[in-house]
Amino acid sequence: MTLDAIKSISPDTHLVRDHGPFQLRRIDPGVTLGRTDDGGFGGLGLIDHARLQPGLVVKMHEHRNDEIISYLRSGRMQHTDSAGRSEVISPDRLMVMNAGASFFHEEAVLGNDPIEMLQIFVRPEAANMAPAIQFVDLDKTESIDRWRLLAGPRGSAAPSFVRQAVYLYDTHLSAVASIDLPAMPGFDRWLYVFRGAVSVGNEHAETHTALAISADTPALDVTASR
């Protein structure tokens, strides 16, 4: 791909929908590449930043050929699927669905607290692979002012896998703190601000803003102003 050193992706490019108890902000990470036929950024297909209100049930439905990472920042959700699993996911528990040829699931909001979450859709390296489901317990202290590796390719050091050359990290950066931006040879970076405000180089990004950073860009710090 051809990518400027650092490019900002404004929230104005997102598709925002309000379906009553389900509010959705759909993000095409590849919009920075200027293509009209493909919203993806390499193996990263799309991201849904969603809010789900208490009492909401997303009925059983199918996915095919998606690797879906469910990352919650608030609330709790009861997951039920066609593999016979029934599990609770939360900010302390990550879920990765490797949908493969076919996978069905249902999600229900638990308790009285709304959910705010990301569903991150990764495009698999091949179609119609065997489906799988993963749950990973998380320790939030591992992400305070440092990067926490959440998912990566099979065989990597990540606690969960996606079937694509994609690595997912998060950090909860204290105001005025700085941290090196993760870097791997040949990998472009895509940074999303879930909440707060950061600076990378000369670029500033606030809540819902993303920055795409070329693999060829020299080492950079991420600094939080909020």
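**Entry 1: Glu116 and its partners**

I began with Glu116, which forms a salt bridge with Arg195, the closest N and O atoms being 2.6 Å apart. For my notes, a salt bridge is a side-chain nitrogen of Lys or Arg within 4 Å of a carboxyl oxygen of Asp or Glu. This pair links distant parts of the chain, with Glu116 in strand β11 and Arg195 in the loop between β17 (189–192) and β18 (197–200), 79 residues apart. Strands here are DSSP E runs of at least two residues and helices are H or I runs of at least four, numbered from the N terminus.

Before going on, I noted that this is a predicted model, in which local features need pLDDT of at least 70, side-chain atom pairs count only at pLDDT 80 or more, and totals for chains, interfaces and linings use all residues. Residues are numbered from 1 along each chain as its sequence is written, and side-chain values use heavy atoms, with hydrogens and water left out.

Is Glu116 buried or exposed? I found Glu116 buried, with a relative accessible area of 5%, whereas Arg195 is exposed at 54%. The cut-offs are under 20% relative accessible area for buried, over 50% for exposed, and partly exposed in between (1.4 Å probe, protein chains only).

Glu116 also meets Arg51 in a salt bridge, at 3.3 Å from N to O. Here strand β11 (residues 115–122) is linked to strand β4, with the two residues 65 apart. Arg51 is partly exposed, at 41% relative accessibility.

How many salt bridges does the structure hold? I have 12 on my list. One of interest to me joins Asp48 to Arg26, the closest N and O atoms being 2.7 Å apart. Asp48 sits in strand β4 (residues 44–52) and Arg26 in strand β3 (residues 22–27), so this pair ties together parts that are 22 residues apart in sequence. Asp48 is buried at 5% relative accessibility, while Arg26 is partly exposed at 32%. I also looked up a network of salt bridges, which links Arg85, Glu87, Arg93 and Asp137.

Staying with β3, I checked its pairing with strand β2 (residues 15–19), which is antiparallel over 5 bridges. Two strands pair if DSSP finds at least two bridges between them. Val16 stands opposite Arg25 in β3. The hairpin has 2 residues between the strands, and Gly20 takes a positive phi near 70° there.

**Entry 2: Pockets**

The largest pocket has a volume of about 1200 Å³. A pocket is an open set of points on a 1 Å grid over the protein atoms alone, where a 1.4 Å probe fits, with protein on both sides within 12 Å along at least five of seven lines; lining residues have an atom within 4 Å of a point. Points are joined across faces, edges and corners, and a volume is the space filled by probe spheres set on them.

Which residues lie nearest the centre of the largest pocket? Of its 43 lining residues, I noted Leu168, Tyr169, Trp190, Leu191 and Tyr192. Strand β17 gives the largest share of this lining, 4 residues. The lining divides into 31 nonpolar, 6 polar and 6 charged residues. Ala, Val, Leu, Ile, Met, Phe, Trp, Tyr, Cys and Pro count as nonpolar, Asp, Glu, Lys and Arg as charged, and the others, Gly among them, as polar.

The second largest pocket holds about 220 Å³ of space. Of the 15 residues that line it, Phe22, Leu52, Val58, His61 and Gln119 are the closest to its centre.
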